[in-house]
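Hello,

Here is the structure you are taking over. My notes on it follow below.

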Amino acid sequence: MINSMTGFGEAQGEINSVTYIVEIRTVNNRYLKNSLRLPETAAFLEEDIDKLLRKNLSRGMVSCVLRLKNAPANVLFDIDGTALRAYMEKLSRIASSVDTKSSIDIGGLLTLPGIVRPAMPDEEKAKQIKKEVLNIAQKAIDQLKQMRAAEGTALAAELGSHCKAIKQNLEQIRANSGTLLQEYQKKLRKRVDELLADAKLKLDKETLAREVAIFADRSDISEEIARLDSHLQQFAESCESDAQAGRRLDFISQEMLREANTIASKAYDTEVVRCVVDIKCWIDRIKEQVQNIE
């Protein structure tokens, strides 16, 4: 069954009294593009989360956010005491050299480069965080995939109704194409008789048959009807397949439009042209919707 490229998944878990929340949103895109936003203290997880997303998803613009809740200060940042003391000593020496009494604002010093840094867990904690966060991310991905599958099912039903409408119009074209030659022969005979009546001439049967044969060759749409019918069948089979069908459905819909255009260019019957217009409208809807299929 097909999957939509639009979805949302969220999961959370607790590690050492800190809540880790993973949110994943996806929208349609021709390729798979991951965009990750992680706290600096968890930046070391970026590559592993990116691999996990690529393992589970094949197409779409993916936005993945990791947030921390109830995190104490020592989990979020470290203060470089050595650098801070160096700043203070230097400022004190400068103040003494110019014989000025002034207090040093430690809070202001925290904004200087190199004083406040993200807290990095030790190796053992990092392994624990990595394992737990990847489990949380997998739960969010599973939820996302469920939503994409549900939307894919709805899309498949809608696409199926569009294909059914195309099929009905195609059957109407097939039925009309069988009588086109007879109608053309009658019209041609009538028109020629009218033109030659005043000249008292007659058109021989061989000439009329040759003209009808040329028309039959130019207006033969049996191959286009068969190919469009085949494309409809392939489209339905791809919708039922477990493989990623988005690109394949996009290609098939393009081929369907090409066959419809060829039928329109060969058609001399108003009813056939009307059916082709309807078919092209349905194909346009299909082309728009398959852009959101993974």
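F8 stands opposite R25 in strand β2. Strand β1 and strand β2 (residues 18–27) pair in the antiparallel sense over nine bridges. Pairing needs at least two DSSP bridges between two strands. Strands (E, at least two residues) and helices (H or I, at least four) are DSSP runs, numbered from the N terminus.

This is a predicted model: local features need pLDDT of at least 70, side-chain atom pairs count only at pLDDT 80 or more, and totals for chains, interfaces and linings use all residues. Residues are numbered from 1 along each chain as its sequence is written, and side-chain values use heavy atoms, without hydrogens and water.

The sheet is open, with four strands in the order β1-β2-β4-β3 and mixed pairing. β1 (7–15) and β3 (32–37) are its edges; each has a single partner strand, so one side of each lacks a neighbour in the sheet.

Helix α5 packs on this sheet and touches β1, β2 and β4. Contact means heavy atoms within 4.5 Å.

N169 lies in α5 (residues 123–177). Is it buried or exposed? N169 counts as buried because its relative accessibility is 11%; the cut-offs are under 20% for buried and over 50% for exposed, with partly exposed in between (1.4 Å probe, protein chains only). Not counting residues up to four places away in sequence, N169 touches C275, D278, I279 and W282.

Leaving aside neighbours within four places in sequence, L249 is in contact with I2, F235, S238, C239, V290 and I293.

Best regards

Methods
Axes fitted to C-alpha atoms, helices over the stretch in contact; angles between N-to-C directions.
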